[in-house]
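Me: I am new to this structure and would like to know what stands behind the words used for it. Please set each value against its definition.

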Amino acid sequence: MAKILIVEDEKAINDLLKLNLEMVGHQCVPALTGKEAIRAAGEQGFDLMLLDVMLPDMEGFAVMEKVRDVPTIFLTARGATTDKVRGFGLGADDYIVKPFEVAELLARVQAVLRRTHRAEKEYTIGDITIRWDAHEVFQNGERVELTPQEFALLHILIENRNVCLSRQKLLSEAWGTDFLGESRTVDVHIQKLRRKLKLEDHIKTIYKNGYRFEE
Ligand code: CA
C-alpha cells in the first residue's frame, strides 16, 4: 500500500484515479489545484504523486519544483511531447497520456513504486504472509514452496487485487511476453496456487474474462 497524492483539476478524472488506486489498496489524497497539492505535500509525506500538467492556478512543472523528494508521474494530454521532455528534465519518473487505460495506470504506478522502493515489502492475508523481495511465502509460519511462475502469478494477481486480469495478461506478465504458451497453462497454475495456499475463496474465476484476486 502506498500513499498517493493525485493532482488533477478535472474532478471526474481525479475521482477515477482515486477509485482505481484505492481498489488495489493504495491510500489517496486528491488535490484539484497546484496550491492544494503543495499544501498537502507540506503537511504529509507521500510515496508517489500523479501530477497533471495543465492546472488552473499553475503548471504542473511549478508544483514539481516545490514538491521535492516525491516520485512523480505526469498526466499529460495526448501528443504533448514537449510536456514529456520537460517533465523528464525535471526528474519525473514516468508519464501517463490521457485518456489512459486503468491497467496501464496501475502498471506504471507499480513500476515506479518498485523502482523507488516504495512498493509494499510484505503482504498478509489470513494466515498467509508473502515477502516480495525474498520471494518467500509462509502459511501459519510454515514456508510454502512455490515455483517461479506460481510466485509471479500470485504477485501480479495481488498487485492488481480486485481487478480482473485476462489469461493473456497473466501469461505475458508471469512468463514474459515471449512465452508462446496457451491460456490453459494459466488455468493449471492457478489451480495449483489455489490448492497450495487454500486460496479458493480469494482467487476468483471470472467467466469468459480471467481471474481476480479478492481480499
Ligand atoms: Ca488539467
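Predicted model: local features only at pLDDT ≥ 70, side-chain atom pairs only at ≥ 80, totals over all residues.

Me: What makes Asp9, Asp52 and Met54 donors of the calcium ion?

Reply: A donor is an N, O or S atom within 2.8 Å of the metal, or 3.2 Å for Na, K and Ca. Asp9 (OD), Asp52 (OD) and Met54 (O) coordinate the calcium ion at 2.1 to 2.3 Å, so they meet the limit for Ca. Water is not among the atoms, so sites may look incomplete. Along the chain the donors have the spacing D-x42-D-x1-M. Aspartate 9 lies in the loop between strand 1 (3–7) and helix 1 (11–23), and aspartate 52 in strand 3 (residues 48–52), 43 residues apart. Helices (H or I, at least four residues) and strands (E, at least two) are DSSP runs, numbered from the N terminus.

Me: Why is aspartate 52 called buried?

Reply: Buried means under 20% relative accessible area, exposed over 50%, and partly exposed in between (1.4 Å probe, protein chains only). Aspartate 52 has 4% relative accessibility, so it counts as buried. Aspartate 9, at 29%, is therefore partly exposed.

Me: Why are helix 6 and helix 7 called oblique to each other?

Reply: Helix 6 (residues 148–159) and helix 7 (residues 167–175) pack at an angle of about 125°, with their axes 9 Å apart. Angles under 35 degrees count as roughly parallel, over 145 as roughly antiparallel, 65 to 115 as roughly perpendicular and the rest as oblique. The angle of about 125° falls in the rest, so helix 6 and helix 7 are oblique.

Me: Is histidine 189 buried or exposed, and how do you know?

Reply: Histidine 189, in helix 8 (residues 183–197), has 16% relative accessibility and therefore counts as buried. Leaving aside neighbours within four places in sequence, histidine 189 is in contact (heavy atoms within 4.5 Å) with Gln149, Glu150, Leu153 and Trp175.

Me: What does methionine 1 count as, and why?

Reply: Methionine 1 is in the segment before strand 1. Its relative accessibility is 49%, so methionine 1 counts as partly exposed.

Technical notes
Residues numbered from 1 in each chain as written. Heavy atoms only, no water. Axes fitted to C-alpha atoms, helices over the stretch in contact; angles between N-to-C directions.
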